[in-house]
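Please read the points below with the structure open beside you. They are meant for someone who is new to it.

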Amino acid sequence: MHIALIGPTGFVGTALLNELLQRGHRVTALARTPDKITPRDGLTVVQADVTDAAQVAQAIQGTDAVASAHNPGWTHADLHDEFLRGSRAITQGVKAAGVQRLLVVGGAGSLYVAEGVQLVDTPQFPAEWKAGALAAREALNLLRQESTLQWTFLSPPILLEPGERTGQYRLGTEYPLMNGDQPGQISVADLAVAVVDELENPRHLQQRFTVAH
C-alpha cells in the first residue's frame, strides 16, 4: 500500500514509520522539518504544515490511506487548541484529497473506566497530560460525526512505553484493557504493529478500538 504518515518524527510516528517500511509499504511522510528524517528506501518526505488542510490534501494526493500520529508535543504552550486545529485540518485534507481511509492514533484519556465516566475526567488523571487528552477526546467526537470517511481511532492502553516488538497484542473497544487489577500496557513498537494490521485488514471501520499486551 501507499500510506501517508502524519507525525513521523514523534514517539508513535517513528515506530509507525519503521513498521510500515519493514512490511514493504510505500510511505509519504508529512513533516514540518523534513531534514529530521533519514532517507530510506520506500520513503518520500514532503514538507507540510498539518494545520493547513490544503497542504495536507496536496501532500497525500494519490495515497491509499492516511495514518495520523499528530501531536504538537506535550510541552506545547497551546497544546489543546493546536491539537484540534491539526486534527480538523487533517480530516478536511483527507476528504479534499479523495482519500477514503484515515486511521488516527489518539489518547487513552477518552476510554471509559465506568459507565459514563472517561479516564480523563477522573481525579487521578495527571494534570500534565490533560490538555492533550481533552483535545484527543474532542478529535474522536468529531470523527464520530464523519459518515463518509472510513475512519478508525486507536486509543493506546494506559501505559505506552518503549520496548521490543513482539507482534502480539489484545484488542478492546471502549474500556481500557487491564492486567488483573493493573492497567494494561504495550510497547510503542507493538502499538505500531496494531496500527499497520488495521490498515492492512480493517476491522474497526468508523469505530474506536484499543490494544494492550
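1. Serine 68 has valine 104 as its bridge partner in strand 5, and in this predicted model strand 4 and strand 5 pair in the parallel sense over 4 bridges.

2. Strand 5, which spans residues 101-105, is mostly covered, with 5 of its 5 residues buried. Arg101, Leu103 and Val105 point one way from the strand, while Leu102 and Val104 point the other way, and all are buried. In a regular strand the side chains alternate between the two faces of the sheet.

3. Histidine 70 lies in the loop that runs between strand 4 (65-68) and helix 3 (79-97). Is this histidine 70 buried or exposed? With a relative accessibility of 12%, histidine 70 counts as buried, because buried means under 20% relative accessible area.

4. Setting aside the neighbours within four places in sequence, histidine 70 is in contact with Ile6, Val50, Glu82, Phe83, Gly86, Ser87 and Ile90. As for phenylalanine 83, its backbone oxygen lies 3.5 Å from a polar atom of the histidine 70 side chain.

5. Isoleucine 158 is found in the loop between strand 8 (150-155) and strand 9 (159-161), and its relative accessible area of 33% makes isoleucine 158 partly exposed.

Conventions. Residues numbered from 1 in each chain as written. Predicted model: local features only at pLDDT ≥ 70, side-chain atom pairs only at ≥ 80, totals over all residues. Heavy atoms only, no water. Helix = DSSP H or I, 4+ residues; strand = E, 2+ residues; numbered from the N terminus. Buried < 20%, exposed > 50% of the residue type's maximum accessible area, 1.4 Å probe, protein only. Polar contact = N/O pair within 3.5 Å; in protein donor to acceptor, adjacent residues only side chain to side chain. Contact = heavy atoms within 4.5 Å. Pairing = 2+ DSSP bridges.
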